[in-house]
Each structure stands twice: as C-alpha cells, then as structure tokens.
Amino acid sequence: MSLGPLLSAPPPIPWHAFAALAALAVGGAQLALPKGTTRHRVMGYAWAALMLVIAISSFWVQQIRLIGPFSPIHILSILVIVTAPLAVWYAHTHKVAAHRGAMIKLYLFALVGAGVFTLLPGRIMHAVAFGQ
C-alpha cells in the first residue's frame with residue numbers, strides 16, 4: 001500500500017479521495033455511536049459536508065468518460081447533492097425514520113458502493129491499495 005499514486009494525482013483527485021476516506025470513518029462512527037446526542041449532531045454535519053465535498057469534487061474527476069466528460073457515477077453525485085441536505089432536514093423536522101434511511105443509504109451506496117469501484121484495476125485507488 002502506497003499513497004504515492006494518490007499524492008501525485010492532479011487535483012481534485014486527492015481531495016476527493018481524502019474526503020471519502022474521512023467520510024468512511026466518520027460515517028462508520030455515526031452508525032455505531034449513540035444517536036440524538038450533541039456529538040452525533042456535530043459529526044453528522046461534518047459527515048454531510050464531507051459527502052457534499054465528495055459529490056461536488058467528483059465532477060472534476062473525469063477518468064471514465066462515457067457521456068461527454070462524465071460517467072454514470074456522476075448521476076450518483078447528483079443524488080448525493082440532493083439527498084444529503086434532505087437527510088439533514090429530516091433530522092431537523094424529527095422525521096427520524098426517513099433521516100436514518102437516507103443516511104444509511106448514502107453511506108452504503110454512495111460511499112461504500114461507489115468506493116468499491118475505485119478499487120478496479122487501472123484506477124488510482126487500485127494502485128494505492130494493491131500497487132502498480
């Protein structure tokens with residue numbers, strides 16, 4: 001494992017990847033720790049902000065170009081840009097079940113699911129995790 005390929009990648013790829021790694025850790029803690037606490041709220045805002053950074057920065061990550069400069073993964077980015085604020089709004093309006101569902105789906109599909117695809121051969125994170 002070497003961070004070399006990631007650190008030598010052009011911006012915003014390193015920012016995108018480090019935000020995703022941070023979101024993976026913060027989101028995992030959110031799922032495991034008690035809910036409804038001040039810590040949960042603060043970490044939740046941080047996690048939602050990280051998810052927005054990841055989604056927005058993805059539009060400048062264009063290694064897979066299937067539709068002009070974009071790929072189908074960018075549809076997921078649009079969904080994150082809509083769903084993350086909506087999930088925060090659910091919490092503010094005490095729609096706990098909707099909040100929980102949206103946040104779990106964002107974590108599993110938008111973060112973990114999309115992250116698995118970054119490990120495919122030829123991708124930068126594959127080189128980071130498994131070497132050249």
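Are Trp47 and Tyr107 buried or exposed? Trp47 is buried, and Tyr107 is likewise buried, where buried denotes a relative accessible area under 20%, exposed one over 50% and partly exposed the range in between (1.4 Å probe, protein chains only). The model is predicted, so that local features need pLDDT of at least 70 and side-chain atom pairs count only at pLDDT 80 or more, while totals for chains, interfaces and linings use all residues. Residues are numbered from 1 along each chain as its sequence is written, and side-chain values use heavy atoms, with hydrogens and water left out.

Two aromatic pairs are found in the structure. Rings of Phe, Tyr and Trp (its six-membered ring) are paired if their centres lie within 6.5 Å; planes under 30 degrees apart count as stacked, over 60 as edge-to-face and the rest as tilted. Trp47 and Tyr107 form a tilted pair, with 6.5 Å from centre to centre and 40 degrees between the planes. Because Trp47 belongs to helix H3 (residues 38-57) and Tyr107 to helix H5 (residues 96-117), this pair ties together parts that are 60 residues apart in sequence. Helices here are DSSP runs (H or I, at least four residues), numbered from the N terminus. In the pair of Trp89 and Tyr90, the ring centres are 5.8 Å apart and the planes stand at 50 degrees, so this pair is also tilted. Trp89 is partly exposed, at a relative accessible area of 43%.

Two packed helices are described by the angle between their axes and the distance between the axes. Axes are lines fitted to C-alpha atoms, for helices over the stretch in contact, and angles run from 0 to 180 degrees between N-to-C directions. Helix H2 (residues 13-32) packs with H3 at an angle of about 150 degrees, and the axes are 9 Å apart. H2 is therefore roughly antiparallel to H3; angles over 145 degrees receive this description, those under 35 count as roughly parallel, 65 to 115 as roughly perpendicular and the rest as oblique. The crossing of H2 with H3 is left-handed, a term for a near helix turned anticlockwise from the far one by less than a right angle, the clockwise case being right-handed. Contact, defined as heavy atoms within 4.5 Å, involves residues of H2 including His16, Ala19, Ala23, Val26 and Gln30, and residues of H3 including Arg39, His40, Met43, Trp47 and Ile54. By class, the residues of this contact comprise 12 nonpolar, six polar and one charged. Ala, Val, Leu, Ile, Met, Phe, Trp, Tyr, Cys and Pro count as nonpolar, Asp, Glu, Lys and Arg as charged, and the others, Gly among them, as polar.

H2 also packs with H5, at an angle of about 150 degrees and with the axes 11 Å apart. This makes H2 roughly antiparallel to H5, and their crossing is left-handed. On the H2 side the contact is made by Ala20, Ala23, Leu24, Gly27, Gly28 and Leu31, which meet Ile104, Tyr107, Leu111 and Val112 of H5. The contact of H2 with H5 holds eight nonpolar, two polar and no charged residues. Gly28, located in H2, is partly exposed at 26% relative accessibility. Gly28 touches Ala23 and Tyr107 when residues up to four places away in sequence are not counted. The C-alpha atoms of Gly28 and Ile104 are 9.9 Å apart in space, although these residues are 76 apart in sequence.

Helix H4 (73-92) and H5 pack at an angle of about 155 degrees with their axes 9 Å apart. H4 is thus roughly antiparallel to H5 and passes H5 in a left-handed crossing. Among the residues in contact are Ile73, Leu76, Val80 and Ala87 of H4, together with Ala98, His99, Leu106 and Phe109 of H5. This contact has 15 nonpolar, two polar and no charged residues. His99 lies in H5 and counts as buried, at 18% relative accessibility. Apart from neighbours within four places in sequence, His99 is in contact with His40, Ala87, Tyr90 and Ala91.

Two features of the backbone concern loops. Most residues other than glycine have a negative phi, and most peptide bonds are trans. Pro11 and Pro12 are joined by a cis peptide bond, with omega about 5 degrees, and Pro12 lies in the loop between helix H1 (4-7) and H2. His94, which is not a glycine, has a positive phi of about 60 degrees. His94 is placed in the loop between H4 and H5 and is exposed, with a relative accessible area of 66%.
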